[in-house]
Amino acid sequence: MGSHPQYEVFADEFVDHARDNLFNAHYDRPTCLALLGDVAGKSVLDAACGPGLYAEELVARGADVIGFDQSPRMVELSAQRVPAGRFRVHDLADPLDWLPDNSMDLVLFALALEYVDDRTRALAELRRVLRPDGALVLSRMHPTGDWLRHGGNYFDVRVIDEVWSRGWQVRYWLAPLERTCEELHAAGFLIERLVEPRPTARAAEIDRDDYERLMREPTGFLAIRAVPDWRQP
Ligand SMILES: C[S@@+](CC[C@H](N)C(=O)[O-])C[C@H]1O[C@@H](n2cnc3c(N)ncnc32)[C@H](O)[C@@H]1O
């Protein structure tokens, strides 16, 4: 939100938390990696790359990874974790003027859409750098879960201030599913797939209650694979 990198102060804690936990390692990452498909030999832009947990896996699968994040500490952690990747500090509010048009095979945008004020403009930049036959994979918090947690009008687009269980202070946008679909459309994408993920079997060993809840309720994340719509200018 804004130009303040809110993850900067807890970047080191985030990597410890997200490396092997249920929500990131056994729910979000398997889903987005499956939607990306075979990445061997492909160029992948990891937008809002965080500490490089995705980049590490993508490089292991043979991808050529460029990543960026608003938080300098996240970029440092990515560079340490994934020496074969190229990482830089960049805010999604700004144009990706260091990347040419049609230069990337795939763009990954995991669990960060919520933090961007002008999401259509950011998505349009991601589309600009994608090759015509490329694809964007994004994940976000499931809007139904957001609404069940926060109440109010499901259709309102509004900002939430929250303190998460680890004391992390976060500010993010709440938006209905329709808004994300409309933003993708306005940015020149066609939605190819929408997935409401289920956790992997390993998740049940980590936390049986969360596993069972995510197997029956839309209260976690969702993921979308979208392709450039070449009917749009
Ligand atoms: C929940 S983490 C997800 C990290 C990574 N994509 C993953 O799934 O492991 C959200 C990330 O988005 C980054 N972020 C938030 N707002 C951003 C912005 N405007 N531009 C670039 N990165 C941003 C944060 O710094 C943080 O690293």
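Student: Which is S43 in this predicted model, buried or exposed?
Tutor: The relative accessible area of S43 is 13%. The cut-off for buried is under 20%. S43 therefore counts as buried.

Student: Which strand holds S43, and which residues does S43 touch beyond four places in sequence?
Tutor: S43 sits in residues 43-47, which form strand β1. Beyond four places in sequence, the residues in touch with S43 are D64, S103, M104, D105 and L106.

Student: Where is A48, and what is its relative accessibility?
Tutor: A48 belongs to the loop between β1 and α3. A48 counts as buried because its relative accessibility is under the 20% cut-off. The value for A48 is 19%.

Student: Which residues does A48 contact, leaving aside neighbours within four places?
Tutor: A48 is one of the closest residues to the ligand. D69, L92 and A110 are also named among the closest. Sequence neighbours within four places aside, the contacts of A48 are F68, D69, L92, F109, A110 and A112.

Student: How far apart in space are A48 and A204?
Tutor: In sequence, 156 residues separate A48 and A204. C-alpha to C-alpha, the distance in space is 28 Å.

Student: How many residues surround the ligand, and how do they split by class?
Tutor: The shell holds 17 residues, with A48, D69, D91, L92 and A110 the closest. By class, this shell has 11 nonpolar, four polar and two charged residues.

Student: Why do the buried residues of α4 lie on the same side?
Tutor: In helix α4, residues 72-81, the buried residues include M74, V75, L77 and S78. They fall on the same side of α4 because they cover an arc of only 160° around the axis.

Student: What covers the buried residues of α4?
Tutor: The buried residues in question are M74, V75, L77 and S78. Their cover includes α1 (11-20), β2 (64-69) and β3 (86-89).

Student: What arc do the buried residues of α1 cover?
Tutor: A11, F14, V15 and A18 are buried in α1. They lie on the same side of α1, because the arc they cover around the axis is only 100°.

Student: Which exposed residues does α1 carry on the face turned away from its buried side?
Tutor: The buried residues of α1 have cover that includes α2 (22-36), α3 (53-60) and α4. The face turned away from that buried side carries D16 and D20.

Student: What is the relative accessible area of E183?
Tutor: E183 lies in helix α7, residues 177-186. Beyond four places in sequence, E183 contacts R119, T120 and L123. E183 is buried, with a relative accessible area of 5%.

Student: How far in space is Q232 from G220?
Tutor: Q232 is in the segment after β9 (221-228). Among residues beyond four places in sequence, Q232 touches R127, H185, G188 and F189. G220 is 12 residues from Q232 in sequence, and the C-alpha to C-alpha distance between them is 32 Å.

How values were computed:
Residues numbered from 1 in each chain as written. Predicted model: local features only at pLDDT ≥ 70, side-chain atom pairs only at ≥ 80, totals over all residues. Heavy atoms only, no water. Near = heavy atom within 4 Å. Nonpolar A, V, L, I, M, F, W, Y, C, P; charged D, E, K, R; others polar. Buried < 20%, exposed > 50% of the residue type's maximum accessible area, 1.4 Å probe, protein only. Helix = DSSP H or I, 4+ residues; strand = E, 2+ residues; numbered from the N terminus. Arc of directions from axis to C-beta. Contact = heavy atoms within 4.5 Å.
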